[in-house]
Structure formats: C-alpha cells, structure tokens
Amino acid sequence: MDPIINLIIFICLGVAGLALSVLAVSAKSLLRSATYLLLVLICTAGFYLFLNYHFLAAVQISVYAGGVVILFIFAIFLTSNKGDVLQKHQTQKYILGALAALGGIAVTAFAFWKHQFVYGVDNHTIDGDQEINMKVIGEALMGTEKYQYLLPFEVLSLLLLACIIGGILIARKR
Amino acid sequence: MFHFEVVTQWIDRFLRTYLQGGWALFIEFVLIGVVVLTAYAVLALILIYVERKVCAFFQCRIGPNRVGPFGVFQSVADMIKILLKELIKIDRVDPRLFRLAAYLVIIASICTFGAIPFDKGLHAVDFNIGVFYLLAVSSLGVVGILLAGWASNNKYTMIGAMRSGAQLISYELSCGLALMTIVMLSGSMQLSVIVEQQSYAWNIFRGGIPAIIAFVIYLIAGHAETNRGPFDLPEAESELTAGYHTEYSGIQFGFFYLAEYLNMFIIAAIATTLFLGGWMPLHIPGWDGFNEVMDYIPPVLWFFAKSFICVFLALWVRWTMPRLRIDQLLNLEWKILMPISLLNIILMAIWVIWII
C-alpha cells in the first residue's frame with residue numbers, strides 16, 4: 001500500500017490506542033475502565049491487521065474482546081454496586097506508576113535502537129504485504145517436527161481442562 | 001454466468017487509470033463503505049417488511065397493507081419516523097456507556113455483514129481466516145448488549161442483559177463447532193475458496209450425514225444467537241418490558257432493532273455460504289443441460305434466494321414455538337447441542353478420511 005496511507009492508518013491507531021489506555025487507567029467507574037480496555041485491545045487487533053497478520057488479529061478479538069473482557073464485565077456485575085466510584089490513589093502510587101511507565105518506555109526504546117530493521121523504504125527483500133497462509137499456521141500448531149508445537153498445545157489444553165474442572169468443583173460446593 | 005466481478009474490476013481499472021494508487025484505494029474504501037452501509041439499511045427495510053407480512057400470515061391477518069401496493073413502503077415510512085424521533089435523556093444513566101453500547105452492537109453486526117460473499121467479486125472482506133473472522137467479530141456484540149443493560153440503570157434491562165449474555169456465550173460454542181465441521185470438510189477457512197469448492201455438490205450433499213447434523217445445529221444455535229423466536233427470553237415482553245433495550249429511544253433503539261434483523265440475515269447468509277453453496281447455482285454432475293439452464297440464473301439471485309429460504313425458516317420457528325424457560329434454554333445447549341456437535345466432529349473426521 002501507499003506509504004502515506006500506511007502512515008495515516010498507523011498514526012490513527014496509535015493515537016487511539018494511547019488515548020484509550022490512559023482513559024482505561026484513569027476512568028472513575030470500574031465498568032468504564034473495562035470498556036476502555038476492550039477498545040485498547042481492539043486497537044491492538046488493528047495493528048495486527050495492519051501487519052497483515054489476520055490470524056493473530058482474529059485471535060486477539062475473539063479471545064480478549066470476546067472472552068476475557070466479557071469475563072471481566074460479568075465479574076464486575078456480580079461484585080460491585082451501581083454507585084461505586086473508584087477511590088482516589090495516593091500521590092506515592094502515582095509516582096510509582098509513572099516510574100514503572102518510564103521503565104517500560106526505556107526498555108522498549110533500548111530494544112528499538114539496538115534492533116537492525118531489515119524491512120525499510122528502499123529494501124523490499126521481505127514482502128510485508130503478504131498474507132500468512134492459514135495452512136502454515138495450522139501445520140505449525142499441530143505438527144510434531146522441529147519448530148512445531150503439538151506438545152505445548154496439548155499441555156496448555158490440559159491446563160485449561162484442569163481449570164474448568166476446578167471451577168465446576170468450586171461452584172458445586174455451595 | 002454473469003459475475004459481479006466484471007463490474008467491480010471495471011471500477012477498479014477506471015479509478016486506477018485516472019488517479020494515483022493511493023487515492024484510487026482511498027476512493028475505493030469510501031465506495032465500499034457506502035455500499036455496505038446502504039445494503040445493510042436496505043436489507044433491514046426488506047427484512048422488517050417480510051417479517052411483518054409472514055407473521056401476519058401465520059396469525060391469519062393481512063399485515064401492513066396501506067402504504068404502497070401490499071404495504072411495501074410501510075417500513076420506509078417507519079424508518080423516516082424513527083429517524084425523526086427524539087432521543088430521550090434518561091436520568092442517572094452512565095451516558096458514555098449508554099451511547100457506546102448501541103454502536104458496539106451495530107458495529108459488530110456490520111463487520112460481520114462485510115465478510116459475506118454475495119457473488120464472485122462482490123465481497124468486501126475476504127481473509128484467509130474468513131470463518132474465524134466471522135466468529136471473532138460477531139462475539140463483540142455481546143459486550144454491547146451487556147453494557148446496554150448495565151448503563152441503563154434499570155433492573156429489567158439488567159436481567160435482560162444477563163440472560164442475553166449467558167445465552168449468546170453458550171450458543172456461540174455450538175455455532176463455532178458446527179462451522180468447524182464444515183471447515184474440516186472443505187479444508188479451508190477462506191469463504192471464497194469454500195464457495196468455489198461447492199461448484200458440483202453443495203457441502204450439505206458432499207458432507208453427508210455429519211454435514212446435515214451440523215446444518216441443523218447451526219440453524220438452532222444461530223437462531224438462539226439472534227435473541228429471537230423461542231429463544232427471546234432476554235427481551236420477554238411479558239416479564240421484562242423489552243429487555244436490554246428498554247430505555248433506548250429514537251435511532252439508538254433503531255440500532256438495536258436493525259442489528260437484530262440483520263443478525264438474522266447474517267446467520268442465514270453464513271448458513272447459505274457454508275452449507276448451501278453460497279452463490280453457486282444448483283449443479284448435478286452428469287446433467288449438463290440442466291447445469292447450463294441453472295447457470296442462466298445470476299449468482300446474486302441464487303444467494304439471496306437461498307438466504308431468504310433460511311430467513312423464512314427462522315421466521316416460521318419464531319411465530320410457531322412458545323418461549324423457553326432459562327433452564328430449558330441452557331440445558332438444550334450444554335446437555336444436547338454441545339455433545340452432539342462434539343460427536344459430530346468425530347463423525348466428520350471419519351467421513352473425510354474414509355468416505356470421500
């Protein structure tokens with residue numbers, strides 16, 4: 001695509017993501033925070049789409065936006081009252097938060113400067129405009145060869161199964 | 001066969017000869033957006049008219065018959081009315097979430113609508129992961145419904161939203177599993193590829209018994225996902241006034257209303273694409289003359305005819321069955337549909353490996 005259009009889309013997504021993440025931590029009600037978090041996650045999915053990695057974008061939306069945020073919202077429904085307003089934090093916590101944010105920025109900036117970017121304006125050896133085939137991803141997830149991930153996949157699904165059974169046990173004890 | 005590809009490619013070439021690549025793309029984006037939104041609105045008008053007529057016939061009435069011949073312009077008049085209505089300000093709601101909820105519901109619906117292949121070349125979003133994209137984007141609507149129920153500050157909306165949330169999350173499972181069976185059969189998730197594969201036998205014929213089971217499960221679960229028919233207990237009017245959109249007025253209510261009707265169409269369209277061959281005409285291997293006659297009917301017509309048959313099935317169920325209780329609803333999903341669709345996946349694996 002045209003570099004200018006790319007830049008415009010990138011700036012829009014970035015500004016929206018930044019503004020919404022600031023809103024997510026500064027909102028007064030818990031449910032608003034969860035909603036802004038949802039929008040931040042959608043912005044992240046937008047970045048993946050922008051990188052032509054459609055699979056990860058769809059995973060991001062269905063797992064985080066469709067699953068995790070709905071769990072958050074249900075938990076908020078069940079635990080908080082309508083009029084609840086989040087307490088103001090102390091100044092000390094603000095300072096600690098700012099320090100943590102600065103540390104994160106420092107780490108990212110360090111990685112950014114150290115990394116040699118292969119793909120540039122005048123280097124088209126890597127084609128960024130190509131869609132990754134679903135077949136490749138599927139075979140990598142389900143294969144047993146080197147660089148294929150069947151074992152971790154199965155271990156993770158066993159962990160999730162254990163979580164489900166544990167949840168049912170806790171719920172049945174009433 | 002006449003494909004819309006010809007028209008869309010002509011527009012693309014026309015724009016590219018007169019404009020630079022970037023601007024041509026930009027104009028195409030805007031054009032696609034306008035076309036998708038217009039098609040969305042027009043389809044909603046048609047669906048509302050069809051629903052009112054079909055409902056009337058099921059109840060031995062005539063239905064809308066005053067505005068235009070057979071009342072065909074009734075829903076246009078209703079649209080103008082709903083556009084002019086006042087947006088009532090509700091006291092003590094969370095205004096930002098209240099407004100956002102309506103948009104979330106309709107955006108999720110429009111995003112899904114964009115991915116439906118109406119014809120070759122008449123297809124806005126055609127990702128490699130098509131089916132997965134549909135499932136992912138349509139799950140966003142649940143958040144909108146939950147937020148609408150909470151932000152309205154009303155116990156009826158709250159109960160409606162909780163019921164709807166539980167219902168949508170549960171039925172999404174068997175919806176996804178039914179679609180997965182078809183993905184196993186076709187070996188691809190891209191919608192255009194899935195449609196192309198069905199040129200000689202639609203998936204429902206090619207996949208045999210497991211495909212038919214998956215089709216029935218998808219129709220039931222999809223119908224439950226639209227919050228209609230026997231599954232309309234989130235908006236049960238006798239107990240909850242109107243469920244999660246009780247407090248909405250004017251065009252904000254219109255958004256929920258539009259999304260409900262279009263979701264019904266989207267479910268029918270996905271069923272058409274994955275099970276009934278999308279825009280492919282009915283071809284029978286060996287009957288060349290018959291196939292040629294069928295090719296004369298344009299693919300768009302085939303698509304809409306099949307989708308509207310599915311929509312008619314949904315309406316038929318809606319106006320015939322009594323409403324379920326919440327425990328019956330959840331039992332149906334978790335104890336009947338889910339196990340059947342899991343077994344069905346194994347059956348489909350056997351079918352794919354040994355029979356075809």
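Select Phe70(B) to begin: 14 other C-beta atoms lie within 10 Å, and the residue is partly exposed. Keep in mind as you look around that this is a predicted model.

Stay on Phe70(B) and check where it sits in the chain. You will find it in the loop that runs between α2 and α3 of chain B. Now look at its backbone: phi of Phe70(B) is near 55°, which is a positive value in a residue other than glycine.

Next, select Cys60(B). This residue belongs to the loop between α2 (21-58) and α3 (74-84) of chain B.

Is Cys60(B) buried or exposed? Count its C-beta neighbours inside 10 Å and you get 6, so Cys60(B) is classed as exposed. The cut-off behind that step is 12 or fewer for an exposed residue. Phe70(B), with its 14, is partly exposed.

Now switch to chain A and colour it by secondary structure. How many helices and strands does chain A have? There are six helices and zero strands. Following the sequence from one element to the next, you will read the pattern α-α-α-α-α-α.

Of its 174 residues, 16% are buried.

Definitions and conventions. Residues are numbered from 1 along each chain as its sequence is written. Chains are lettered from A and ligands numbered from 1 in the order in which they are written. This is a predicted model: local features need pLDDT of at least 70, side-chain atom pairs count only at pLDDT 80 or more; totals for chains, interfaces and linings use all residues. Helices (H or I, at least four residues) and strands (E, at least two) are DSSP runs, numbered from the N terminus. A residue is buried if 20 or more other C-beta atoms lie within 10 Å of its own, exposed if 12 or fewer, and partly exposed in between; C-beta atoms are placed from the backbone.
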